[in-house]
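Here is a friendly briefing to read alongside the structure on your screen. Keep the viewer open and follow the topics in any order you like.

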Amino acid sequence: VKFEGLRVVDTQTMATVMMSASRKGIALATASRRISLPSSLLSESVCFKQEQQQQQSLTIREFGSSKNKKEEATLSYDERKAAAKEKRRQLHQTKVNRLNSLKTRRSNSPKDVQKTKFHSYFDTLRRRDEYLDRKARRCGKPWKVLVSAVVERLPVVTPDAPQWEEEYWEMKSMLMENSGKEFPMELANAGLSATSSMAGDTNAVYDRDDLLEQLKKQGFTPAPRETEADRTGQIQTLDRQLKTRVYLAIVPSSASSSTNTQQWSFPTVQVNDDETLLSAAKRSITSSIGTKLEFWTPSNCPLGVQLTPYEEEEDSEYFGTKTFFIKVQLDDEGTIEENENVVQDWGWLTREEMTEKVAVEQGEENSKFYHYLL
């Protein structure tokens, strides 16, 4: 039977159409093989059929779920736990198989190496500090609060580019020379620098070597990136390690040491009751190296804290030392006043040099602390 260009092949749909037509008072010519029906009646019959199919599928699902519930009711407690465990195992195995199927070019490369290495150290240190803090409260002894000033000099020159970056710029320069766009001379000379104009050169400067050649022709001599102090190993000067950060480290004398140790460390003092950590950090600098060094503090927040308990046989009113580290930026070079009664030795050290000295004198764990601190 056809109506409105559609063929009805389902007898149930046809019966539904006939019932809907009779309810609406529409007479159908059953003797004819072609029946013309309005579209509203067709849509109603189709919707009615879809509702019946949904009810049938819902009945089947309810029957299946009730069947599973009946089967679960017959199982013992251990069998139900085993079945639930097997279901979780299958879900997990499906998830693992899906992840294995998603192959990428970085699937086998190591990920989060530095992050994992840091957390392996820091999480252990944090648990240790929490344990020592609880133990100090149980003993009823306070901590001796110290402050260390981390005086930092920022890099003076830009660091050396890694090898891959130099190769990249070399390749880019070669590609620009061979397949780069050619612009009119008037447009190319419009953006020449004053250096090229003074030299009378109409060629644009592409890299650092060409720029240095232009400056040498005009009588300029570039300053060396490696200084005399770097070659001789002199550390008591700021004219060294210009490409990286350096920090002021001292070896305190036994009379002025707050920790009773003669090792390489930062200027350290004990915090008084009437001063803050920042004011104590400033006092540690002036008391160790004088007042001629100009500096400023970017923040009141400490960089970190280090807990060092005393030995059990040591009779003291304190449980140990709690040292806070405050960063201080060097504002001007200034001069350091050497006082043998306060400081035995001092120098401007990089992070690698500081961690090496701490590893030799205080152990590998303290060396890691200074490494991540700086």
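What follows is a short tour, from the whole chain down to single side chains.

This is a predicted model, in which local features need pLDDT of at least 70 and side-chain atom pairs count only at pLDDT 80 or more, while totals for chains, interfaces and linings use all residues. Residues are numbered from 1 along each chain as its sequence is written, and side-chain values use heavy atoms, with hydrogens and water left out.

**The chain as a whole**

- The protein chain holds 12 helices and 9 strands; these are DSSP runs numbered from the N terminus, with helices being H or I of at least four residues and strands being E of at least two.
- Of its 374 residues, 26% count as buried. Buried means under 20% relative accessible area, exposed means over 50%, and partly exposed is in between (1.4 Å probe, protein chains only).
- The accessible surface of the protein chain is about 26600 Å², and carbon and sulfur atoms own 51% of that area. Accessible areas come from the Shrake-Rupley method with a 1.4 Å probe, and for residues only the protein chains shown count as cover.
- Among contacts in the protein chain with a separation of 6 or more, 67% are between residues 24 or more positions apart; a contact means heavy atoms within 4.5 Å.

**Salt bridges**

- Side chains of opposite charge can pair when their charged atoms come close.
- The whole structure has 12 salt bridges, each being a side-chain nitrogen of Lys or Arg within 4 Å of a carboxyl oxygen of Asp or Glu.
- One of them joins K243 to E226, with the closest N and O atoms 2.8 Å apart. K243 sits in the loop between α9 (228-232) and β4 (246-252) and E226 in the loop between α8 (208-217) and α9, so this pair ties together parts that are 17 residues apart in sequence.
- K243 is partly exposed because its relative accessible area is 22%, and E226 is also partly exposed, at 39%.
- K243 and E226 belong to a network of salt bridges that also links D160 and R225.
- R231 and E228 form a salt bridge too, at 2.8 Å from N to O. They are 3 residues apart in helix α9, so about one helical turn separates them. R231 counts as exposed, at 56% relative accessibility.
- In helix α4 (residues 113-139), R137 and D133 lie 4 residues apart, about one turn of the helix. Their side chains meet in a salt bridge of 3.6 Å, N to O.
- R137 counts as exposed because its relative accessibility is 58%, whereas D133 is partly exposed at 26%.

**Aromatic side chains**

- A pair of aromatic rings is described by the distance of the centres and the angle of the planes.
- The whole structure contains 10 aromatic pairs. Rings of Phe, Tyr and Trp (its six-membered ring) pair if their centres lie within 6.5 Å; planes under 30 degrees apart count as stacked, over 60 as edge-to-face and the rest as tilted.
- F266 and F325 make an edge-to-face pair, 6.4 Å centre to centre with 85° between the planes. This pair links distant parts of the chain, 59 residues apart: F266 is in the loop between β4 and β5 (268-270), and F325 is in strand β8 (residues 320-330). Both F266 and F325 are buried.
- F369 and Y370 also pair edge-to-face, at 6.0 Å between centres and 85° between planes. F369 is buried at 9% relative accessibility, and Y370 is buried at 5%.
- F118, Y121, F122 and Y372 together form one aromatic cluster.

- W164, Y168 and W169 make a nonpolar surface patch of about 420 Å². Patches are made of residues with over 30% relative accessible area and no salt bridge, with like charges joined within 9 Å and nonpolar side chains (Val, Leu, Ile, Met, Phe, Trp, Tyr) within 5 Å.
- W164 is placed in helix α5 (residues 163-179) and counts as exposed because its relative accessibility is 60%.

- The structure holds 0 disulfides, a disulfide being a pair of cysteine sulfur atoms within 2.5 Å.
- C139 is partly exposed, at 46% relative accessibility, while C301 is exposed, at 54%.
- Q241 has a phi near 50°, a positive value in a residue other than glycine. Q241 lies in the loop between α9 and β4 and is partly exposed, with a relative accessible area of 27%.
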